[in-house]
Amino acid sequence: MLKRTVNCGELRSEHEGQEVVLNGWVQSYRDHGGVVFIDLRDRYGLTQVVFDPSGDAAMHHLARALRTEWVIGVKGKVRHRAEGMENPKMVTGTIEVEALQLEVFNKALTPPFEIDSTEPVNEELRLRYRYIDLRCKYMQRIMDVRNKATNIIRQHHQDHGFYEIETPILGKSTPEGARDFLVPSRLAAGSFYALPQSPQLFKQMLMVGGMDRYLQIVKCFRDEDARADRQVEFTQVDVEMSFIEMDDIISVTEEGFAKVWKGVLGVDIPLPIPRMSYADAIRDYGIDRPDMRFEMLLKDVTDIAGASDFKVFTSVAKSPNGMVKGLCAPGAGTYSRSDIEKGLTDFVGGYGAKGLAWFKVTKAEDSDQAQLTSSIAKFFSDEQKAELIERFGANIGDLILMVASDADTVNKSLAALRCKLGSDLGLAKQDDWRFVWVVDFPMVEFNTDENRWDSLHHPFTAPVPEDIPLLDSDPGKVRSLAYDIVLNGNEMGGGSVRIHQPELQAKVFDILGITKEMAQERFGFFVKALSYGAPPHGGIAWGLDRCVMMLCGIDNIRDAIAFPKTQRGQCLLTEAPNVVDESQLEELHIEIRREGPED
RNA sequence: GGGGUUGUAGCUCAAUUGGUUAGAGCAUCGGACUGUCGAUCCGAAGGUUGCGGGUUCGAGUCCCGUCAACCUCGCCA
């Protein structure tokens, strides 16, 4: 085999005269009848190889037969390109390799799509031929970023004394949280393993086991519907530390993020990363993952709206959980009525908002004062309108948008609207990195459907110590020692200080409606572990795939993963999941029930 | 489970109100060409319009169903 001595991206003028061997794929060939040019590609770059007709006749004949994506080895001599022949678009464009020997390692079928095509290629096709897609610069860059990021993360945690420890993939199913992927057991008929939604309990037990500091870059599985930023199978940077308080985890983590941003993008992230309470985030942004790149804060105007003559507002303001809130979109006063109705009202409608009230902030005819123009302006007194302008800090040319509904719908729809406007109005810049920690989460929230309290984070999250007395009287008021790290409106990770005393853990289970029997059956092993000397501990998990998305400026999680699944959890490359042999099912004690038309 | 977008040549797209033989660029194949680098020039081949029904004299186009991919609500402790 003509084994490479250099890669396709490294030759420069200073290598002139050297005899080298290159290996790679034929990116393109240009046959001039006499001289033949080949651009040879590998992960490192492109190098032009020249086959001169004055050379070996058999080799020249073979060179003319080369086609794109054939895999070859070439021995040749590096030479400086003649004046005017350099290609400034190529890193190796000042040189070329004059071929002396050619070996075809493998021919290739015509690829189903062009490598590095200038036109976007259908994603379904890319996934079906992922091994070809991965040859493209686009994917190679993402894999490079992903590799760099994981290396930095590993090194960072090594430097802080973390052990990298693996936890089981075949685990125990717990009905809380997301739907589990189940794996049938052959040896225990009728029993199933579950794939981990995260290694949560194992990492806590590693702390009980005295491992002190744990890191794992690990696959997690959640059988829920995918999204642009969500895969059923994803990678978490999983971290746990002993004998720490919240600030210790936060500081190790933010230092890690800063190192990644510095190492991959060369960007300095100022530390410490600012913190915001959950309550403030909901109040100002309507969501627990605020995009801090622009202002356009939400303002509660229930009081003003309730005092108006606009029935929609007054009835909502009077209802128990009713809220009228809005935002002021700078410069959006140019939006037409149909821009608003088709572009914005329909948009918030998707989040349950029944309507979207709007005011254009215009210049009064008789003065330089701002005034409000709207079909509903007549329901507001001049004082009320002035109050609205003041509350929103509105300027002439702005557009005020308001939603009236229950608090949850108002916040959800306005949060989404705010992000949409931030992007539509060009306020959210891609290379602006605004990290924020969201802290002081409520420990539990009331689930009206099930009529019980649910964990906001998970049942092992410790309450804020001074809120512990409220556990019995007013669980909804109890804050937890949980924290999410948010970047530009994306949740990049989250964690908490854990409960390390079995009594407190039992109490929290009780509040969550998990009976002693249920707790014993599901988490007995874990509560037992807490009873054998569990250190104070806590941790965090980062979403590595999202981290890569942000670093690469892509908005699709599939591109951040070498072999991703579709929205329906299919692998288009291998065609998993697939029907298996009857004999395999038999060994697993499984019988497939054919679903009837009613199912 | 709900809402939406898309599906036409290998790829990216076009095709007027339902109307002749479904076109173009790129790729492919053949030929020409000794300096190109998105090579160029000449020529050729390439179609179950996702699939199945229906309406119609006539369907890529309209209707019904279905499949897939994507976006999204719910869901994701």
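A: Helices and strands are DSSP runs, numbered from the N terminus. In this predicted model, Ala332 is found in the loop between strand 13 (322–329) and helix 10 (337–349).

Q: Is Ala332 buried or exposed?

A: Buried means under 20% relative accessible area. Ala332 has 0% relative accessibility and therefore counts as buried. Leaving aside neighbours within four places in sequence, Ala332 is in contact with Gly397, Asp398, Leu399 and Leu425.

Q: Which side chain does that of Ser496 join in a polar contact?

A: The partner is Arg498, at 2.7 Å. Ser496 itself is found in strand 21 (residues 490–497) and is buried, because its relative accessibility is 0%. Beyond four places in sequence, Ser496 touches several residues, including Ile249, His457 and Tyr483.

Q: How is a pair of aromatic rings described?

A: One gives the distance of the centres and the angle of the planes. Here the count comes to 18 aromatic pairs. In one of them, the ring centres of Phe359 and Phe380 are 5.3 Å apart and the planes stand at 85°, so the pair is edge-to-face. Phe359 lies in strand 14 (residues 357–363) and Phe380 in the loop between strand 15 (370–373) and helix 11 (382–392), so the pair ties together parts 21 residues apart in sequence.

Q: Which residues form one aromatic cluster?

A: The cluster consists of Phe257, Trp261, Trp433, Phe435 and Trp542. A ring may also face a charge: the charged end of Lys420 sits over the ring of Phe347, 5.4 Å from its centre.

Notes. Residues numbered from 1 in each chain as written. Chains lettered and ligands numbered in written order. Predicted model: local features only at pLDDT ≥ 70, side-chain atom pairs only at ≥ 80, totals over all residues. Heavy atoms only, no water. Helix = DSSP H or I, 4+ residues; strand = E, 2+ residues; numbered from the N terminus. Buried < 20%, exposed > 50% of the residue type's maximum accessible area, 1.4 Å probe, protein only. Contact = heavy atoms within 4.5 Å. Polar contact = N/O pair within 3.5 Å; in protein donor to acceptor, adjacent residues only side chain to side chain. Phe/Tyr/Trp six-rings, centres within 6.5 Å; stacked < 30°, edge-to-face > 60°. Lys NZ or Arg CZ within 6 Å of the ring centre and 35° of its normal.
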